[in-house]
Amino acid sequence: MYEQIEKIKEILLGVWGKKHYILIATWIICPVGWLAVSALPDKYEATAQVYVDTQSLLRPLMEGLMVETDPDYQVRLMVKTLLGRPNLTKIARMTDLDLQAEDSEEFEAIIEDLKTNMTIEPVGKENIFNISYEGKDPLIAKNIVQAALTVFIENTLGETRSDTDTAQKFLDKQIRDYENRLVAAEKRLTEFKKRYTGVLPTNNGGFYSALNAAKNRLRETNLQLMEAQGRLESARGQLSQEDLSSGQALSENILDNDSIATTYDERIQGLKTNLDTALISYTEKHPDVIEIRRRLDELSRLRKEEIEAYYLALTTESEDGESVNLSAANASPVYQEMRILVNQIENEIASLQVRANNYQSQVDELTEKIRTIPDIEAELVALNRGYEINKSKYEELLSRKETALMAKQADATSDKIQFRVIDPPQVPSEPSGPYRIIFYLAVLVVGVGAGAGAAFMMTQANPVVVSSNQLSRALNMPVMGVVTAASSIGLVDKEKRKTRMFIISNVLLLVLLAGFIGYSTSSQAPQTQQTKVY
């Protein structure tokens, strides 16, 4: 430790011995550096403070009714992008800085200067932000901060509305797309249903239900047909057992029976009415009464002949193949009712046979198609699935469109983000820089350091013995004693003159430094005083 201290003392003594290098360096570097510092242009810093209120009253009221964006995130995003090139270009044009650039390189320099000298930073945990710019012209600095504040507010508000418009356009495009898909799916489904009308499932069931229903109807119809055929056989048996022998005994009664219609019935009825009317006014011997009776007898005879001719025409084959005249039997009311019943049953059997044939054709047709049913049903399921997907997406997009429209109307009614300028930008009255006193002192330190470094280098290149220990180490021999220099040689006086010269020189250098500091201070004082008076 002692040796190290000794070496440091030797270095310092060596540098002190070469102190004239310090004088030379300081007098060369310091005045030039101080002049350069004094020539630096003043810089003025304009600042603005703004508070961003993201606690809108509309948000809790519309919660769950519309899509909410995070206003805090939008503010943070705008803080990060404020110093982006698009915003800086907008600020430069708003403050007419672009007019000062003669070419693209100068404009790039302006943009770079704005990016370097402009800052935006939060204050504390609240949404309070400081926007500042430092420039050579105080008025331009104030205008730049004002433009940056305007861009910050407008872009933040505009970004919200831009996002809403973008979402609205996207939803409109998607709705049109899914509407076209839905129409196409409906068309395909309709054509498919038209093509397989009899095969597709209905409200009453699918194809197999239709097949089972057709088979059931066919069985019921066949059963009804068998029943009708049984009734027909029974009726024909009863009809054949009708007693034909009673025909002659009942012939006269039947011929006079008014229940049989002929072509003479209306005329006979009219003559009877006329006879009744004539008998009211005349007697039986009146010529009109006699004529009416004669004509009535004639028409009755003709009616009887017509009935007999009708019965003679009705014949049937007996069981042994002989023709039997049933004119008398046919006149029996029981026989006529049996004939009518037989005809009705025959008509019913014919109708049931037609119905059975139709049901049988349906069953055959459905049975023939049973092999294609699985493929048809699979295709129907796929078509319905695609239709339902498109329909659900279309309805969901319509709902989201209404939500986006509500959000847009809410944004137009009340801003979710509100700005309050706490401290508007002002024209700075005092320069904020450069810090010339610090620069002056830094130049002084650099000058002294450069001189000391030069003196140290010279001691290493041309070493001087400053102590007995240094001499002993250099010669590797012990030093027995030290003899001081005599005053008659003049070395002490010479060393004192050098020291006085060094002190005087440094004092003059400090005086010069004080002069530069005073000049810089006095050059700012009038402007400050003038600004305050104004």
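Helices (H or I, at least four residues) and strands (E, at least two) are DSSP runs, numbered from the N terminus, and the expected span of a helix is 1.5 Å times one less than its number of residues. Everything below comes from a predicted model, in which local features need pLDDT of at least 70 and side-chain atom pairs count only at pLDDT 80 or more, while totals for chains, interfaces and linings use all residues. Residues are numbered from 1 along each chain as its sequence is written, and side-chain values use heavy atoms, with hydrogens and water left out.

**View 1. The whole protein, to get your bearings.** The protein has 17 helices and six strands. Of its 534 residues, 30% are buried, where buried means under 20% relative accessible area, exposed over 50%, and partly exposed in between (1.4 Å probe, protein chains only). Contact here means heavy atoms within 4.5 Å. Among contacts with a separation of 6 or more, 80% join residues 24 or more positions apart.

View 2. Helix 2 covers residues 20–38, and its 19 residues reach 27 Å from first C-alpha to last, close to the 27 Å expected at 1.5 Å a residue. Its buried residues are I22, L23, A25, T26, C30, P31, G33, W34 and V37. Now look for S505, which sits in helix 17 (residues 491–533). S505 is buried, with a relative accessible area of 10%, and, not counting residues up to four places away in sequence, S505 touches L23 and W27.

**View 3. The largest nonpolar core.** A nonpolar core is a set of buried Ala, Val, Leu, Ile, Met, Phe, Trp, Tyr and Cys residues joined through side-chain atoms within 4.5 Å. The largest one holds 30 residues, and I91, L114, M118, I120, Y133, I144 and F152 touch the most other members. Two or more residues each come from strand 1 (44–53), helix 4 (71–81), helix 5 (85–94), helix 6 (104–117), strand 2 (118–122), strand 3 (128–135) and helix 7 (138–195). Helix 7 gives the most, with eight residues. Zoom in on Y133: leaving aside neighbours within four places in sequence, Y133 is in contact with Y44, E45, A46, D113, L114, N117, M118, A141, I144 and V145.

**View 4. Helix 5 against helix 6.** These two helices pack at an angle of about 105 degrees, with their axes 10 Å apart; axes are lines fitted to C-alpha atoms, for helices over the stretch in contact, and angles run from 0 to 180 degrees between N-to-C directions. That makes helix 5 roughly perpendicular to helix 6, a label for angles of 65 to 115 degrees. R85, L88, T89 and A92 of helix 5 meet F107, E108, I111, L114 and K115 of helix 6. The buried residues of helix 5 are N87, L88, T89, I91 and A92.

View 5. D96 is found in the loop between helix 5 and helix 6. Although D96 is not a glycine, its phi is positive, at about 60 degrees. D96 is partly exposed, with a relative accessible area of 44%.

**View 6. V289 in helix 11.** V289 is found in helix 11 (residues 287–313) and is buried, with a relative accessible area of 0%. Not counting residues up to four places away in sequence, V289 touches L275, A278, L279, Y282, T283 and E284. V289 and A278 are 11 residues apart in sequence and 6.4 Å apart in space, C-alpha to C-alpha.

How values were computed. Angles under 35 degrees count as roughly parallel, over 145 as roughly antiparallel, 65 to 115 as roughly perpendicular and the rest as oblique.
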